[in-house]
Amino acid sequence: MTKKRETDPELEQLLRAYRDVQPTSDEKEKWRAAIAQEVRGSAPIVASAASPRSNLYRLVVRTAIQVGVAASLGFVIGAYFTERRSEQGQAMLFSQTEPNGMTSRPPATMDDERETVRVNLDGGDGR
Amino acid sequence: MRTVDGIDWNEVVEDLGPALLRYFLAAGFARASASDGVQETLLRLVRLAKEGEYDPNRGSPRMLAFGIARLVKHEFYRKVGEHDLYGDAKEFADRADSVSAFAPGESAASSDALFAERQSAARLREVIGMLEYPVREIFFLLIDEELKLEEIAGILSIPVGTVKSHVHRGKEKIKLGLKEKV
């Protein structure tokens, strides 16, 4: 048993009104039973007196929410990087800058090559 | 009752139960909720002991118990809202008058003296409820005669000197508050 603290008569007088409160024997018995059950292994938790079934529902809902959030986040991040890669690809194709500061012509495509050949066959200078 | 690490839980119930009950009642809990608060605090103490984290040499069991009780109280406040307990002075006074200090089945008007004493307890609860943090919390803890000022400082993580000055100023405010009530 610990010692009582140094007394301040005025303070003790003020708080005296609280001190006559005592637990009933029923309350003590209830606390003892709960402790005995906890010591044995499991005990009811007063603060969250939820049934095992509602705990299971809560777990399922919580897991579903977490999976949903993770999937949405994955989708958004995936879409962002796909878009970014596509933009980078286009930039590489169309925005190559020459040393003189001019933007270069896009590389010739197969259609351009065919057109050039056709022009040559038609008369060399296209006339 | 079986013991965990040699702790006699019957003794813990006898020693800490009444003090914790007064603490929860002072904090504005209704009698049944206060009793549940004590039970929850004691159960968490047992769990700490089972996990090997309850070391009487590291601090007094009393200090640890009140630290847990504060946590349980805050969890309750979060659930119901502290404002609901202290926000409306009249409502708090009514609640204090009608419930807390009396055991179920007790008659408040069994004698005039007893009735007057309980009325003053209700007024005191109301006045302490109006104090600001941490003064209010210090007075809740002071209700337990065996909790030292050093332990109260430890529970609230503030210097002992601060506790002393809060006690001094709090006393004056309580006296003033009680005078106004009368």
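In chain B, take the contacts with a separation of 6 or more. Residues 24 or more positions apart account for 66% of them. Keep in mind as I go that this is a predicted model.

Let me start with the overall make-up of chain B. There are nine helices and zero strands. Along the sequence the pattern reads α-α-α-α-α-α-α-α-α. Chain B has 182 residues, and buried ones make up 49% of them.

Now helix α1 of chain B. This helix covers residues 9-26, which is 18 residues. How far apart are its end C-alpha atoms? They are 24 Å apart. At 1.5 Å a residue, the helix should span 26 Å, so the two values agree.

There is a bend, though. A kink of about 40° lies at B:Leu16 in α1(B).

After the helix comes B:Gly28, and its phi is positive, near 100°.

Is α1(B) mostly covered or mostly open? Mostly covered: 14 of its 18 residues are buried.

Next, the contact between the chains. Chain A brings 37 residues to it, and chain B brings 49 residues. The area buried between the two is about 4300 Å². Carbon and sulfur atoms give 59% of that area.

On the polar side, 10 residue pairs are in polar contact between chain A and chain B, with both residues at pLDDT 80 or more. Which elements of chain A give two or more residues to the side that touches chain B? They are α1 (9-19) and α2 (25-40) of chain A. α2(A) gives the most, with 11 residues.

Charges come next. Side chains of opposite charge can pair when their charged atoms come close. Over all chains, the count is 16 salt bridges. Between chain A and chain B, the count is six.

Here is one that crosses between the chains. B:Glu14 pairs with A:Lys28 in a salt bridge, with the closest N and O atoms 3.0 Å apart.

Back inside chain B, look at B:Arg62. Its side chain meets that of B:Asp144 in a salt bridge, at 2.6 Å from N to O. That pair links distant parts of the chain, 82 residues apart. B:Arg62 sits in helix α3 (residues 61-80) of chain B. B:Asp144 sits in the loop between α7 (135-142) and α8 (149-156) of chain B.

Are these two residues buried or exposed? The cut-off for buried is under 20% relative accessible area. B:Arg62 is at 4%, so it counts as buried. B:Asp144 is at 5%, so it counts as buried too.

B:Arg62 also forms a salt bridge with B:Glu146, where the closest N and O atoms are 3.3 Å apart. B:Glu146 lies in the loop between α7 and α8 of chain B and B:Arg62 in helix α3, so this pair ties together parts that are 84 residues apart in sequence. B:Glu146 is buried, and so is B:Arg62.

Now a salt bridge within one helix. The side chains of B:Glu172 and B:Lys175 meet at 3.7 Å, N to O. Both residues lie in helix α9 (residues 160-181) of chain B. They are three residues apart, about one turn of the helix.

How accessible are these two? B:Glu172 has 39% relative accessibility, so it counts as partly exposed. B:Lys175 has a relative accessible area of 28%, so this residue is partly exposed as well.

There is also a network. Salt bridges that share partners join A:Lys28, A:Glu29, A:Arg32 and B:Glu14 into one.

Last stop: B:Glu126, in helix α6 (residues 112-129) of chain B. Its relative accessible area is 7%, so B:Glu126 is buried.

How values were computed
Residues numbered from 1 in each chain as written. Chains lettered and ligands numbered in written order. Predicted model: local features only at pLDDT ≥ 70, side-chain atom pairs only at ≥ 80, totals over all residues. Heavy atoms only, no water. Helix = DSSP H or I, 4+ residues; strand = E, 2+ residues; numbered from the N terminus. Expected span 1.5 Å × (residues − 1). Bend = angle between axes of the 7 residues up to and from the residue. Buried < 20%, exposed > 50% of the residue type's maximum accessible area, 1.4 Å probe, protein only. Contact = heavy atoms within 4.5 Å. Buried area = accessible area lost by both parts, 1.4 Å probe. Salt bridge = Lys/Arg side-chain N within 4 Å of Asp/Glu carboxyl O. Polar contact = N/O pair within 3.5 Å; in protein donor to acceptor, adjacent residues only side chain to side chain.
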